[in-house]
Amino acid sequence: MTTPEKQGERSLKGSRFELRTVENTIDDSDADRLAREGRWGFVHSEETGSAVDGPGMRVVFWTTGCEFRCLYCHNPDTWKLKHGQITCVDDVLDELKKYKDYLSFSGGGLTISGGEPLVQAPFVMNIMRGANAMGIHTALDTNGFLGDRLSDADIDEIDLFLLDIKSWDPETHIRVTAKPVEPVLKFARRLAERKRPVWLRFVLVPGFTDAPENIEGIAKFVASLGNIERVDVLPFHQLGKFKWEQMGMKYELGDTPTPTQESTEAAKAIFRAHGLNCPS
Ligand code: SF4
């Protein structure tokens, strides 16, 4: 019988929300070694016409591997490195080359997202360098926790950072992601020192990250950095729930509502009050 949930799952087919894991027979240590070498990497999926992952139209590659365990993650199938498709840098660049004119015409480019791309920093940087050599704008969508894996030269190679700060309050950050916030803030400061453009992303989760003082803390911090071009407040949604269930994992946010329009606007107003560009 076709249930509304099943219909919903079908409509996700081919999108970033589709559940995808590859059963590579490679063991974890070999996967780590490949990721460290950087010529091969693990890719969850690819999208060729995204308008929400940086300026213009973007080709987006989602890599696997993530050290966070966000309670609201809509891509838990990206967490394990070896659950991605083993992919060669040259193949990614060949694919990208097909869209070069289209990307340039739309003012877009390449975005690498995840998972957390910096789990595979050498692989990601090889792709970024190749894209730059083709004159394609590059963006890295990162939670910043592994920012130390990038050298200053690596950082300068990337045109735009889409940086997530999940929470200002340290306890809430650990509760939501299972990791501390300080390495993320350290990376944010480093990007500011190197004057790299950043689009900040903040996920508004009722009952977790939506306390006004939590949002205020992030807003005050990022406003002081001087390199934040834009802030996107992303309302929590339930699109990833089915993945948790299908992967046999306990999903704790089943009863968490999506934020109201009023609460989303109130969060945006806090960022705007600090002089930040926070689009409607
Ligand atoms: S950082 Fe992103 S991919 Fe990793 S657990 Fe959080 S939401 Fe999921």
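Guide: Two strands pair here if DSSP finds at least two bridges between them, and the helices (H or I, at least four residues) and strands (E, at least two) are DSSP runs numbered from the N terminus. The model is predicted, so local features need pLDDT of at least 70 and side-chain atom pairs count only at pLDDT 80 or more, while totals for chains, interfaces and linings use all residues. Residues are numbered from 1 along each chain as its sequence is written.

Visitor: Over how many bridges do β1 and β3 pair?
Guide: The two strands pair in the antiparallel sense, and within this pairing glycine 41 has threonine 87 of β3 as its bridge partner. The number of bridges over which β1 and β3 pair is four.

Visitor: In what order do the eight strands of the open sheet stand?
Guide: The pairing in this open sheet is mixed: β1 and β2, for example, run antiparallel, whereas β6 and β7 run parallel. Read across the sheet, the order is β3-β1-β2-β4-β5-β6-β7-β8.

Visitor: Which strands stand at the edges, each with a single partner strand?
Guide: An edge strand has one partner, so one of its sides is left without a neighbour in the sheet. In this sheet the strands concerned, residues 85-88 and residues 228-235, are β3 and β8.

Visitor: What does the twist average from one strand to the next?
Guide: Axes are lines fitted to C-alpha atoms, for helices over the stretch in contact, and angles run from 0 to 180 degrees between N-to-C directions. On that basis the average twist from one strand to the next is 30°.

Visitor: How many of the residues of strand β2 are buried?
Guide: A residue is buried if 20 or more other C-beta atoms, placed from the backbone, lie within 10 Å of its own, exposed if 12 or fewer do, and partly exposed in between. Arg58, Val60 and Trp62 point one way from β2 and Val59, Phe61 and Thr63 the other way, and the residues on both sides are buried. For the strand, residues 58-63, the count of buried residues is six of six.

Visitor: Which residue in β4 stands opposite tryptophan 62?
Guide: Five bridges join β2 to β4 (residues 109-113), and these two strands run parallel. Five bridges also join β2 to β1 (residues 40-50), in the antiparallel sense, and there serine 45 stands opposite tryptophan 62. In β4, the residue opposite tryptophan 62 is serine 113.

Visitor: Where does leucine 118 lie, and is it buried or exposed?
Guide: Leucine 118 has its place in the loop between β4 and α5. Leaving aside neighbours within four places in sequence, its contacts (C-beta atoms, placed from the backbone, within 7 Å) are with Val124, Thr142, Leu146, Gly147, Arg149 and Leu150. Because 26 other C-beta atoms lie within 10 Å, leucine 118 is buried.

Visitor: What is omega for the peptide bond from glycine 114 to glycine 115?
Guide: Glycine 115 lies in the loop between β4 and α5 (121-133). The bond that joins glycine 114 to glycine 115 is cis, with omega near 20°.

Visitor: How many charged residues has the shell around the ligand?
Guide: A residue belongs to the surroundings if its C-beta atom, placed from the backbone, lies within 6 Å of the molecule, and those found include Cys66, Arg69, Gly114, Gly115, Glu116 and Asn143. Ala, Val, Leu, Ile, Met, Phe, Trp, Tyr, Cys and Pro count as nonpolar, Asp, Glu, Lys and Arg as charged, and the others, Gly among them, as polar. By class, the shell has four nonpolar and five polar residues, and its charged residues number two.

Visitor: Is lysine 195 buried or exposed?
Guide: Lysine 195, in the loop between α8 and β7, has a positive phi near 60° although it is not glycine. Alanine 178, in the loop between α7 (170-177) and α8 (182-193), likewise has a positive phi, near 75°, and counts as exposed with 12 C-beta neighbours inside 10 Å. Because lysine 195 has 9 such neighbours, it counts as exposed.

Visitor: What radius of gyration has the chain?
Guide: The radius is taken over C-alpha atoms, and the globule rule is 2.2 Å times the number of residues to the power 0.38. For 280 residues a compact globule would have a value near 19 Å, with which the chain agrees, its radius of gyration being 18 Å.

Technical notes: Two residues are in contact if their C-beta atoms, placed from the backbone, lie within 7 Å.
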